[in-house]
Amino acid sequence: MPPPPDLAAADPAHAAANQAAAAFIARWQGVQASELATAQSFVIDLCRLLGVAAPHPTPEQDYMFERPITFAHGDGSTSAGRIDCYRRGAFVLEAKKLKAAGHTRSFDDGLIRARSQAEGYARALPAAETRPPFLLVVDVGTVIEVYAEFSQSGATYTPFPDPRSHRIALADLARPDIRARLAAIWRDPHSLDPARISARVTREVSALLAELARSLEASPDLTSNQAAAPAHQASTASEVVANYLTRCLFSMFAEDVELLPKGAFTQLLQTHRHDPETLRQMLRILWADMDHGGFSAALAGRVLHFNGKLFKGAQDEGYSLLLTRAQIELLIAAARCNWREVEPAIFGTLLERALDPAERHALGAHYTPRAYVERLVLPTVIQPLRAEWQDAHAAALVLAAEAHALDGRAADEKWPPRASRCAPSTTACAACACSTRPAAAPTFSTSRSNT
């Protein structure tokens, strides 16, 4: 049977894109020419690989090479500069061709200086133009480093997506996901904003969970179970459902960040999707095992110990609910979402619902939304710390350069090498008193003149 038309069309395109990436990597791998000779050609070829338009001069100067800017200094003076490549609302690109080999201190220092230079360009843009969300630091033929600042408020640019993966090696361009990330920086940079991604994923998850919660709270089995419970032990349907969903949500998050084996919880749901009673018992076993850690029969493997009270009470009624097949499908759909991106407010909302109002009041348990926290913490803690870190970086570079200069001077003053001090001579060696220093060698005075 032939593949569906869309797959048949996608395969050749995918193969052609991979071939183009391989050709690009082969063309630029190990290029030794200067920055001036290679930077613009590299960017044009990169644009062709990503399927985006190449820079071109326009009267608006919104996407071009050598974008002129003016630096304003504290003493009122100004100086001119040029951005290697600029796309308004997207990025400032600073290109280098470092002589130092990759994975060396000199190479890293060179990229740090280039990043500082790019950030200086971004801050020097006219006030009418908002600062771009991205900085791209390129060492032609070697790496592309990506930094982001989505608030565009003048805060510090930070490694994107994180400090472990913001440096893209040339060979990484063979990966479709890397090419897609770079293309998005050109086409729609704000689509990569983690806050927007989190909001989108959270909306999807919230819709699924809201439907599931309403369905569970209206379940006849749950209602009858709660009515039969003693008055002093009875929990409202919403509290039982909130506790149950919190355990489910935590399990989804745990498998995505690999606190549980990756995909294990989703696989458990899918395996028993047609047998609700078995699923109910398997979830009870899993969560009880997560409460104390060790081997779990539900996953046929070991699980970590998760402390706290979330997974306690495995024998309680309502600990693991009997779902309908439709409810199981909703749970599976939620589990398939990327829980790394889900806004933690979901956990806070469920926590509030799971607590009795009197208990919540006594504990002062109220979930504060991220926006409220960031409004306080970012300007008072995070941004000052980032500014101090940038100052420390700059100071470290200055000290490293001074140390390098001193090392070179010390090496000169140690002339000649000790191995050469064994030639016969009648002139005493001031360095080691071995009477082997050549007579023609210069001497060095250690006295200091008063100025």
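**Exercise 1. Which residues is Leu 49 in contact with, leaving aside its neighbours within four places in sequence?**

Solution. A quick word before we start: this is a predicted model.

Step 1: find the residue. Leu 49 sits in helix H2.

Step 2: list its partners. Once neighbours within four places in sequence are set aside, Leu 49 is in contact with Ala 17, Ala 20, Ala 21, Phe 24 and Arg 179.

Step 3: check its surroundings. Leu 49 has 16% relative accessibility, so it counts as buried, given that the cut-off is under 20%.

Step 4: look along the chain. Leu 49 and Ala 183 are 134 residues apart in sequence, yet their C-alpha atoms are 9.2 Å apart in space.

**Exercise 2. Work out whether Asp 45 counts as buried or exposed, and find what it touches.**

Solution. Step 1: Asp 45 also has its place in helix H2.

Step 1: its relative accessibility is 13%, so Asp 45 counts as buried.

Step 2: not counting residues up to four places away in sequence, Asp 45 touches Phe 24, Arg 27 and Trp 28. Phe 24 turns up on the contact list of Leu 49 too.

**Exercise 3. Describe how helices H2 and H4 meet.**

Solution. Step 1: get the geometry. The axes of H2 (residues 35-50) and H4 (residues 176-187) come within 10 Å and cross at roughly 105°.

Step 1: name the arrangement. With that angle, H2 is roughly perpendicular to H4, because the band for this label runs from 65 to 115 degrees.

Step 2: find who makes the contact. H2 brings Leu 46, Cys 47, Leu 49 and Leu 50, while H4 brings Arg 179, Leu 182, Ala 183, Trp 186 and Arg 187.

**Exercise 4. Which residues have the most contacts inside the largest nonpolar core?**

Solution. Step 1: the largest nonpolar core holds 44 residues, and Tyr 244 and Trp 287 have the most contacts inside it.

Step 1: H5, H7, H8 (264-271), H9 (276-292) and H10 (325-335) each supply at least two residues.

Step 2: zoom in on Trp 287. Leaving aside neighbours within four places in sequence, its contacts are Tyr 244, Arg 247, Cys 248, Ser 251, Phe 265, Phe 311, Tyr 319 and Ser 320.

Step 3: A second, separate one has 39 residues, including Cys 47, Val 146, Ile 178 and Leu 192.

**Exercise 5. Which residues of H10 are buried, and which helices do they pack against?**

Solution. Step 1: the buried ones are Gln 327, Ile 328, Leu 330, Leu 331, Ile 332, Ala 334 and Ala 335.

Step 1: the buried residues of H10 pack against H5, H7, H8 and H9.

Step 2: zoom out. The protein chain has 13 helices and 9 strands, and buried residues make up 39% of its 451 residues.

Terms used: Residues numbered from 1 in each chain as written. Predicted model: local features only at pLDDT ≥ 70, side-chain atom pairs only at ≥ 80, totals over all residues. Heavy atoms only, no water. Core = buried A, V, L, I, M, F, W, Y, C linked by side-chain atoms within 4.5 Å. Buried < 20%, exposed > 50% of the residue type's maximum accessible area, 1.4 Å probe, protein only. Helix = DSSP H or I, 4+ residues; strand = E, 2+ residues; numbered from the N terminus. Contact = heavy atoms within 4.5 Å. Axes fitted to C-alpha atoms, helices over the stretch in contact; angles between N-to-C directions. Parallel < 35°, antiparallel > 145°, perpendicular 65-115°, else oblique.
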